[in-house]
Structures are given as structure tokens and as C-alpha cells.
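Let's walk through a pocket and some salt bridges together. Have the model open and follow along.

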Amino acid sequence: MSVSLRGALLLSLAALAVPSIAADDSGTCSLSLDALGRALFFDVNLSVNRSQSCATCHSPDLAFVDTRDNGADGAISLGADGVSLGKRNTPTITYAALVPDFAVDDGSVYRGGLFHDGRASDLATQAMQPIVNPLEMAMPDAHSLTRRLTENPVYREGFSCHFGAAVLSRPEALHRATGEAIAAFERTSEFAPFDSRYDRYLAGEIELSRIEEEGRVLFFSPLLNCANCHLEDGMEGRLREPFTNFEYFNIGVPVNVAVQSLRDDETTDQGLLENPQVDAETGRGKFRVPTLRNVALTAPYMHNGVFSELETAIAFYNKFLVRSDNPETGRPWQPAEIEETVALEELRRGQPMTPKQIRALAAFLRALTDRRYENLVQR
């Protein structure tokens, strides 16, 4: 096991070991818990050299994804030290509050959890981890974080009011409280407004365009396989649909060679198996199904950012049904990074898509963009 991977696992286990703190959100505090979380989310002082905040990699200007190029066409993120690079694409955290806690259903179906591999059991744990991850904000430990937080009188008052004054002298508890506060901010409607064109269509406020409607019919059609993984309970027309079932699959995504080269690291990404709570070999290469909300803005696509265009990410699924080439390279699709766990049964359901159908599906997916970002999407 590599040093960086071992460190990440230890950080994960340490975060999981901290008990939850019951926040007092009774309204008696001068600063609400989500307002405290907002301040923390945008505060660069939570990183080792005071240069990076949560918002650096999750920009509110673009669906809370990383807007920086970092020399890899946006596929991975740069750490606070200006040198370190992650190995996975930064996911949007819009609608992240809908992700259920990590669990195993029926003893074999993994569901929920944050990060691509679910290693953070819940939203608060996810918010905690980048702060002390050496490849991200890189604070050395909870004690260092405590010193930073207690510099700020607004934070001292806010944490004391919501979590009790004793939390300021308990570094691990204060670290957890920081995660709880940021999670409270991420649960606000700013992250999940449910006001896309599709939502407004369901509410009877607008009609979809002809091509959006064609894509909608295709998406929900049994002729294709979209709804199998990208609907929470398989029901069409459900209000507040997250457009994911939160489960884990290996869909045969190839290696992003550019990322490997930039990081000088050819280590195989084990996916779900890198989650400390998973030891079954069947988890190798599996990643959580992402939400399709705001997908038009979250390029590059897949867990490693290997595809640049939305249409390419859609066309990729054709490779399991018909011989085809990658439209971005004009060459055959590269093999899966981990072949043995590819969900061939699921991927071979349905029919291959025509170029026209791919365009229609892309148009429908663009209609899942939150209203505040619609001006950034070309319909």
C-alpha cells in the first residue's frame, strides 16, 4: 500500500472514530449553524498556508466544482501547497446532502457515503477530511485546526453557542463540529434548489424544447438503461429526484493516462475497495453513481475526468452494445482500468444509441441545470 493511500485511510478512520456532536440549532445563537458553516466553507485559514478553502475546489460560480485547470484539463485538483495533486476528479457538491449515509444493503449492495468511494460515511465526515488531507488543505492535525479556529472571535462564539464552550478545548470534537457546521451549510437550498428546467416542467411552469423532450422520453424509456442507475427508485416524474440510486458500479472507465503522467503514478485506482469499511474484492473498481443534476457543468467526466465532453460520456455506454470509437480520439475505446468487476449484465441491457439520440439525451441532461447556472449552458 502506498504511503499516500495509507495516510488517507488513517485519516478516514480517525474521522469515523470521532463521535457525532448534537448541535444546538434552536435559534438562540447570534450566528446560525449554517451561517457558521458558510463562513468556514469560504475561509482560506482552514488550510495549512492560508491559501485554500473548501470553495477553492468547490466553486459556487460553477456548480460547486473545481474551476481550475491544474495542468490536467480540470481532471484533478491542486492542493494548498501548490504542488500536490489528487488522483480523482472533484465532484459537484450540489445535492450532496441527498446522499444517504454509507451502508450495505442485503449484505452485498453498497450504497451512499461521500467521495467517489464512499469512504466518508456522512456529509459532516466528508467536510472534515479535506482539511487534514495532505493532498488538499493539509492542516497537520486537529490541534493545528483548533489554533486556527480559535484565532477568530466569531468562530469562538459560534462554536461555543452551538456545541458548548468545552468544544474549543477538545481538538477532535472541534474538528467534528467544523464538519457539522459545513454540512449544515451544504444542506441549505443554495446547494439544492430543485429549480432546473426539468423541475419547472414537472411543476407545469414551462414546456421542454423538442429535443429536450425527445431526450426525456429516451432517458426514461426501457429501450435504454439510464434509469437503472440514475433514478433513486426507478419512478418517472418523481419530484426532487436526485438522478442517482447512490449505488456502486464498475462501468469500465479507462485510465486517464494524462493524470497518471502528471502525477507520475501508475497505481491502479481500487475504487470502493479503498473505502476502509469495504474489504470484499467485489468492490474493486466500483464507484458511486453520481447525480446527473448540473452534469452539463461538471466536465471532465467520470471519476478520473477521462472524458471532456458530455456527449462522449453518453456515447461511452455504446461500447458495450456495438463496436464504436471514442469521438474525442477517433480511436477505439481504451480497456477498463479494472476488468473483472465491470457490470456487464447491466451495461448490456437496452439498445445502442444513435448519434441523434445521444444529442437528445445530452439536451435533456442540460435541462437538469439549476436556474442560477442556465446562462452558462448552451441549449
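Q: Which element gives the largest share of the lining of the second largest pocket?

A: That's α11, with three residues. Helices here are DSSP runs of H or I of at least four residues, strands are E runs of at least two, and both are numbered from the N terminus. Before we go on, this is a predicted model, where local features need pLDDT of at least 70, side-chain atom pairs count only at pLDDT 80 or more, and totals for chains, interfaces and linings use all residues. Residues are numbered from 1 along each chain as its sequence is written, and side-chain values use heavy atoms, with hydrogens and water left out.

Q: How much space lies in the second largest pocket?

A: A pocket is an open set of points on a 1 Å grid over the protein atoms alone, where a 1.4 Å probe fits, with protein on both sides within 12 Å along at least five of seven lines; lining residues have an atom within 4 Å of a point. Points are joined across faces, edges and corners, and the volume is the space filled by probe spheres set on them. In this case you get about 440 Å³. There are 22 lining residues, and V255, N256, V257, V306 and T329 are the closest to the centre. The elements giving two or more residues to this lining are α11 (257-263) and β6 (331-332).

Q: How do the residues of that lining divide into nonpolar, polar and charged?

A: Count Ala, Val, Leu, Ile, Met, Phe, Trp, Tyr, Cys and Pro as nonpolar, Asp, Glu, Lys and Arg as charged, and the others, Gly among them, as polar. The lining then has 13 nonpolar, six polar and three charged residues.

Q: How many salt bridges does the structure hold?

A: Side chains of opposite charge can pair when their charged atoms come close. The cut-off is a side-chain nitrogen of Lys or Arg within 4 Å of a carboxyl oxygen of Asp or Glu. This structure holds 25. One network of salt bridges links K87, R88, D117, R119, D269 and E274.

Q: Which side chain meets E232 in a salt bridge?

A: R238 does, at 2.9 Å from N to O. R238 also forms a salt bridge with D233, with the closest N and O atoms 3.4 Å apart.

Q: In the salt bridge of R284 and E281, is R284 buried or exposed?

A: Buried means under 20% relative accessible area, exposed over 50%, and partly exposed in between (1.4 Å probe, protein chains only). R284 is buried at 16%, while E281 is exposed at 53%. Their N to O distance is 4.0 Å.
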